[in-house]
Number of protein chains: 8
Amino acid sequence: MTRETRRPGRTDELRVGSEFRYDAGRWARIGAPEVILGEGKSPAQLLRLLEALHRSGRGALVSRPTTAQRTRLVVARREGLPVLLLAGGRLARLTGPVADLSPVGPVALLTAGTSDIPIAEEARHVLKSVGVAVVTAYDVGVAGLHRLQRALRSMERKRPRVYLVFAGREGALPTVVAGLVRAPVVGVPVSIGYGRGGRGEAALNAMLQSCAPIAVVNIDAGVPAALFALQLLAGNRR
Amino acid sequence: MTRETRRPGRTDELRVGSEFRYDAGRWARIGAPEVILGEGKSPAQLLRLLEALHRSGRGALVSRPTTAQRTRLVVARREGLPVLLLAGGRLARLTGPVADLSPVGPVALLTAGTSDIPIAEEARHVLKSVGVAVVTAYDVGVAGLHRLQRALRSMERKRPRVYLVFAGREGALPTVVAGLVRAPVVGVPVSIGYGRGGRGEAALNAMLQSCAPIAVVNIDAGVPAALFALQLLAGNRR
Amino acid sequence: MTRETRRPGRTDELRVGSEFRYDAGRWARIGAPEVILGEGKSPAQLLRLLEALHRSGRGALVSRPTTAQRTRLVVARREGLPVLLLAGGRLARLTGPVADLSPVGPVALLTAGTSDIPIAEEARHVLKSVGVAVVTAYDVGVAGLHRLQRALRSMERKRPRVYLVFAGREGALPTVVAGLVRAPVVGVPVSIGYGRGGRGEAALNAMLQSCAPIAVVNIDAGVPAALFALQLLAGNRR
Amino acid sequence: MTRETRRPGRTDELRVGSEFRYDAGRWARIGAPEVILGEGKSPAQLLRLLEALHRSGRGALVSRPTTAQRTRLVVARREGLPVLLLAGGRLARLTGPVADLSPVGPVALLTAGTSDIPIAEEARHVLKSVGVAVVTAYDVGVAGLHRLQRALRSMERKRPRVYLVFAGREGALPTVVAGLVRAPVVGVPVSIGYGRGGRGEAALNAMLQSCAPIAVVNIDAGVPAALFALQLLAGNRR
Amino acid sequence: MTRETRRPGRTDELRVGSEFRYDAGRWARIGAPEVILGEGKSPAQLLRLLEALHRSGRGALVSRPTTAQRTRLVVARREGLPVLLLAGGRLARLTGPVADLSPVGPVALLTAGTSDIPIAEEARHVLKSVGVAVVTAYDVGVAGLHRLQRALRSMERKRPRVYLVFAGREGALPTVVAGLVRAPVVGVPVSIGYGRGGRGEAALNAMLQSCAPIAVVNIDAGVPAALFALQLLAGNRR
Amino acid sequence: MTRETRRPGRTDELRVGSEFRYDAGRWARIGAPEVILGEGKSPAQLLRLLEALHRSGRGALVSRPTTAQRTRLVVARREGLPVLLLAGGRLARLTGPVADLSPVGPVALLTAGTSDIPIAEEARHVLKSVGVAVVTAYDVGVAGLHRLQRALRSMERKRPRVYLVFAGREGALPTVVAGLVRAPVVGVPVSIGYGRGGRGEAALNAMLQSCAPIAVVNIDAGVPAALFALQLLAGNRR
Amino acid sequence: MTRETRRPGRTDELRVGSEFRYDAGRWARIGAPEVILGEGKSPAQLLRLLEALHRSGRGALVSRPTTAQRTRLVVARREGLPVLLLAGGRLARLTGPVADLSPVGPVALLTAGTSDIPIAEEARHVLKSVGVAVVTAYDVGVAGLHRLQRALRSMERKRPRVYLVFAGREGALPTVVAGLVRAPVVGVPVSIGYGRGGRGEAALNAMLQSCAPIAVVNIDAGVPAALFALQLLAGNRR
Amino acid sequence: MTRETRRPGRTDELRVGSEFRYDAGRWARIGAPEVILGEGKSPAQLLRLLEALHRSGRGALVSRPTTAQRTRLVVARREGLPVLLLAGGRLARLTGPVADLSPVGPVALLTAGTSDIPIAEEARHVLKSVGVAVVTAYDVGVAGLHRLQRALRSMERKRPRVYLVFAGREGALPTVVAGLVRAPVVGVPVSIGYGRGGRGEAALNAMLQSCAPIAVVNIDAGVPAALFALQLLAGNRR
């Protein structure tokens, strides 16, 4: 079941200074790209980890690097580490293979407003990092139905395997999309909006209550949504 | 400002047994129909109150009579009090003038699903009790956009002054409607759905977060929504 | 994009008495089975709807029929309507084609405890109604890891396309499963447990916070989880 | 129904750099002024959008510009773009026609305290931007009833079509006003107050629970309240 | 400080069967009447406790007896125990001295609606049981200001020492009263109302957020409100 | 009832620039000191208001001045306005009569920890500003019962009329105190503590649930607690 | 680490009809008694499971049997299965060894009120079922400190290894106890109390916020608290 | 019961300037180390308190010193006070005896991720300060089961008396650990994660809902967890 027994020769545990040992192959074993969470690591720890991965010939993505980490990565880049800040700094990418995948595509990304675009871009960069084709339609919310219908018609021609639909505020877009397309729809609530139900809470609950059969990830979870899409695509090949 | 000074001869306070005195003219003074909340009154108290109103030549609506009150009203009807149960028992009506209004119309009522119909019917009966024309389109949720668009096109021809839009679950319908019509839209969340955001919570928050300019009443507040619509229509006449 | 244009001859709107018109083809247009929500319909309305579907040569599933509806369906069955109660009465099935699908499989269903089984059975019956193969492992919670690992090893041999993982209480099972398998994992929180976080709330939030890339449906949403799985399988065929 | 078919010659989609296309006529089609949400746009994006609108001969309002956007707009103004910061910077206005309306009035604005004034001012500027007359009474909370009653008496003489009532803390003002006037009352909760129920939560819930028939918008939603009032006034003309 | 040392000869602990020993003098020591919570005691336990108190020459109040306890108390009364059900069964009283107080008065009780009366009656009976004078004005909510002002004018003549103000829904009454009277005002939220903020939640939060200096007790806490009023009156004598 | 009619000659409305008119006598009419909420006023507005009060011969307290307001008040003091920052800047006092009271005392103030002291100090300064005697015992939480009992014994000798008991965290102190003293106890939850129930939430709810008859004010509401105590003392004189 | 390898000969999986296989040794492997959750099992399933355990020579506890299960167990007892209902039916015990333990003791159980006793009794029966000595002090809440201090003095002489402290309402008892004893204190919130913070919510949060170092289990979790105590005692022997 | 009577000669109350008196022996009396909460004390107050403790020959821990306090302590150290910042500044230690304990060990500390390490380090330093042996396994979350099982096998050989298990996100680790070890498990939720259930809320609730018998402390409560462990160890010696 687990892939561990199938890759006996692979040493996945990387020593990061004296602090901790990183299980570099954890996600690879289930066919997911290497994604490191920025939160809770000092800039120095993160850098040592990326250097160790780079030395072992691997690439990686860093999700939500902190301000201090971003600053350190910019310096590291100047010092020669092939690391790039993406999606307005919400993601970093260490060049190199981040996963052992050959997923088909494409994945469709829609956002209800312009405020949802940064989270969608996180997903787009994760998908791009493993070579998946992406089609996007941004700012096509339900208050302008004709525009949305036009966008979906043009998207549907490319036969997306899965739709990732990003929406904050009232979070209605995934429900409306799921009533119009055949591929599975994953809703991604986005933390915009003030007042009651703001910060993505109303959107999350609306998606959980959807009268259409959609699945949901957490608020602002652009990276997990992309990873889920990858596993869904991987299933297609089997 | 208050109408009290303009109706000096009117005695509005009705004595109900020894328990309390009912301010029968409270709502009339602001041009709203007489609506009595069933909650918190014994069947005997409610009956005495309706009898007093009937004797004074007035009609009234009873919002959400309790089971015990409904049973008592059925008996009272047999005993000659002109009182009717409406909207599946969620409303009772004492025949007679319930308000001194000449409101224009019509009011449009839409529901997303069949489960929202009982609350919409509460509103319809309140509006009907004061002679306002109503146009309805039930079960036209956002997961079936073409059906909704057809229904709105036919409705719009009757030039509704206000839309009351009822929806539970993800509560997206008022937002979509407000993107397609010119008249003001009032969202009424309905307490259906299980799990997180159920019982109307997700719908309420989604409507408060709507990216379209709608106003909202509380969950299952079909009667208050109708009363608000009446005041809105009244404004048209001035 | 929508399939409406491709089925011009099909009349999908069924008249149900004078109350409302049912859009029978709504879900079929996106390739999902016909699922009718029991909530909010009178037993008579539901029966009229099922009879209309039966007359038009279609089958259907009824999700969460109420006690009154169940009683009526039992009578209807005696009167000749081919309708069956399943999953301990949480689902009813009207014999006949419920969807126009040829989905591959299998789908894996796991539950953490015995209390989660009824919700998993809802999903199993939906999948079975459209001919999808299902493999199950019930009562394999994370407090007994060795048993879970044994079950997964045996399941993995059948190469499931997607895992639906049902868990109440602390909701840890989908996360642990997603760390061990390659196919996408959908978490279904179940409304068991008392005290804080009970009724599925802790499980839902734990799944949304999962450190593994899983998607989630609402609490007790066995039927929507199955419908999402069907769309995911459908994608495989394209 | 939608106005799109009636304005065939109008090209509403504006290209904003390569990032996205803005649907400039979305709100115009339902008779609302052009309001752009500041949130989620970079200062450069916002500026490009305003310049495009200005070139096409339109005005607009910008709701809640961010600090960075405000700074950029001040510079833009010096460079010749006719853009003004209003309501203490919570709103910006690009000179030019923001809507194709001829609404009647006046609209009454009341606030319970001085802390509610900034949100009321947002509404006042939106209304003013389309030429609607406004009457105001600020700081007339329910703890000083005589003052409130005096203010309402003087207001009522101007026969407002709708009352927008702003209140934080316990949010009682809209309920009290609705018991004294005939026009519809819209409650706007304001995010003041510390401790439990603070930040407008108690006020919002109190307004939703009001024993008078009022409608509600979200916390601090001064702009949406004004837009709703505009649609209500528009109905008066039809 | 504690009164224990001043009443050395008093044996306060009553043995109730073998289950537990009741500290009968606990509240007496701080000058409060003997109030027994019904919740969590079997009818037999409650009866044994009342019999023990009666034998030792004391009276008592039972707060919120359960249905089973009420049934048992009715039987006990027929068997000779001087016990009475009050306030629609929400309170029971064992005749006999329930406290060693000589409090002055009067206490004013106001309710916003008729639904709040049962909770106010609980307080009235507690106050009456120790001989405190009470003045009441029921159903004088803020949507009918003139009626409220009339009621307060008449009450104020009796110079109440404290106002207990009961209100559900939006809970505005205590705030308005506190703006008009000089004695301290204690707000008692009442669990009426449906939808968001219902069951007293909006009222409680509104009272905590009041812009007037009021203190608050929990939802439906009529008995604790009366006990607090008693301690306040007791302070007057010192 | 209201004192307005008794003070016909007093002009209470102060003009503050062109912005708003301040109802200076609002609280005086119910016998409370003049307390101005800092929140929502610009430093300039606040200063103009204080100058107007000073010119009319009155004093006042400013509750929770903002940082900008505090800075402005320090400058104003140098320019000759007799205004003082107290309680670590959480309160400001304009010298002069702040209320027309002759309340008796003393009032007892207790805090559970050192973190609760700043809020208690707010209350102490309000009481001091109108000449009420105060006795304090700080840092006497329930985890050190003997120390608390010692403190209460010494306090009780001064016969406080009311206890204001400040506690964050688990909020147990008011309950324990109310079991040991005869005077009324008002609980003031304080916003300390991290994690679940932090920021005073657990303390507030614990006080509302107290098994002793206490009343409660909102989290951190030191000033309202003092105002409530003043009204309670005022009642003693009548 | 796990005990599985140490008990190779033991077959722990019991077949329960065709529905599921029960992992009878799961808890035994970590030294805990066999506790079966009643929730989610049909009476027939539960009975089959108990019969299988009985046949294999084991005893067991059933936590929270449902009404239907209780009825079935009473019948089963008459038919010869040695099964007993305890703690007012909240627990059932199948005679026979429920765990392979030799834990020392005693464990101290305290409750704040009489309403907390049923939950404490659940814990007492679990401890008793494995032969642990228990000392109890019921109804010793913090509003009667002297009584509590007396009870603790007498308890402390028996040198309890751990205190399980049960409290609803404001949940202050564990904090006060932890300030007076040396052994570890585990707080068990109990679901009593109405209004805000009722049903154990305030008590749970108060215990989590305790200023003394206590650990907590969920609301009404008498059985888990006893199991935790058993593991704590087991540690003493090692 | 309390140890006060056994240490008659010890003067525990330290005067800290004129502000307050610190009960230095409070925790010592129950066998816990001296831990001072940083929150709510000025840097000067904290320093005076540490100096007083140092003069009286005691050591202490300061939990969560504020930024200003940390700065002051660094200066104090240069001026000769033996005080050290630990755990990334989340803890400070004044050299000297912090408790009169001889606890056995070891205590096992596990974290699910690297983000949980800072809270675990708080616990480790508290335990170290009183000489308790600690074994750690960091970053062994449930998404990598084989690594966790390896870590536990190696830990179990050292026979820990208690496991403190730190986890944020979905908080599953304590449940999985408790299914594999015999010693008691205490769950410590950690405030990481964004979106719904973030900041430790999902983890706390999941631990309270655990299907294994674990006890829980509040979110980020590393110090209280260590203090609870100390009392548990102390019990072992008795």
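Buried area is the accessible area, taken with a 1.4 Å probe, that two parts lose on being put together, summed over both. By that definition, chain D and chain B bury about 4,100 Å² between them, and carbon and sulfur atoms give 56% of this area. The structure is a predicted model, in which local features need pLDDT of at least 70 and side-chain atom pairs count only at pLDDT 80 or more, while totals for chains, interfaces and linings use all residues. Residues are numbered from 1 along each chain as its sequence is written, chains are lettered from A and ligands numbered from 1 in the order in which they are written, and side-chain values use heavy atoms, with hydrogens and water left out.

The interface of chain D and chain B brings 44 residues of chain D into contact (heavy atoms within 4.5 Å) with 44 residues of chain B. Between chain D and chain B, 5 residue pairs are in polar contact, both residues being at pLDDT 80 or more. On the chain D side, at least two residues each come from α4 (145–156), β10 (185–189), α6 (201–208), β11 (215–216) and α7 (222–237). Helices (H or I, at least four residues) and strands (E, at least two) are DSSP runs, numbered from the N terminus. The element that gives the most to this side is α7(D), with 7 residues. By class, the side of chain D that touches chain B holds 26 nonpolar, 9 polar and 9 charged residues. Here Ala, Val, Leu, Ile, Met, Phe, Trp, Tyr, Cys and Pro count as nonpolar, Asp, Glu, Lys and Arg as charged, and the others, Gly among them, as polar.

Within chain A, an automatic or database domain assignment gives domain 1 (4–94) and domain 2 (107–237). Their centres, taken over C-alpha atoms, are separated by 27 Å. The contact takes 11 residues from domain 1 of chain A and 13 residues from domain 2 of chain A. These two domains bury about 1,000 Å² between them, 67% of it on carbon and sulfur atoms. The count between the two domains of chain A is 2 salt bridges. The side chains of R90(A) and E122(A) meet in a salt bridge, at 2.7 Å from N to O.

In chain C, E122(C) pairs with R64(C), with the closest N and O atoms 3.1 Å apart. This pair links distant parts of the chain, 58 residues apart: E122(C) lies in helix α3 (residues 117–129), and R64(C) in the loop between β4 (60–63) and α2 (67–78). In chain F, E122(F) forms a salt bridge with R90(F), the closest N and O atoms being 2.7 Å apart.

Over all chains, a search of the whole structure finds 56 salt bridges. One network of salt bridges links R196(A), E201(B), E201(D) and R196(E).

Terms used:
Salt bridge = Lys/Arg side-chain N within 4 Å of Asp/Glu carboxyl O. Polar contact = N/O pair within 3.5 Å; in protein donor to acceptor, adjacent residues only side chain to side chain.
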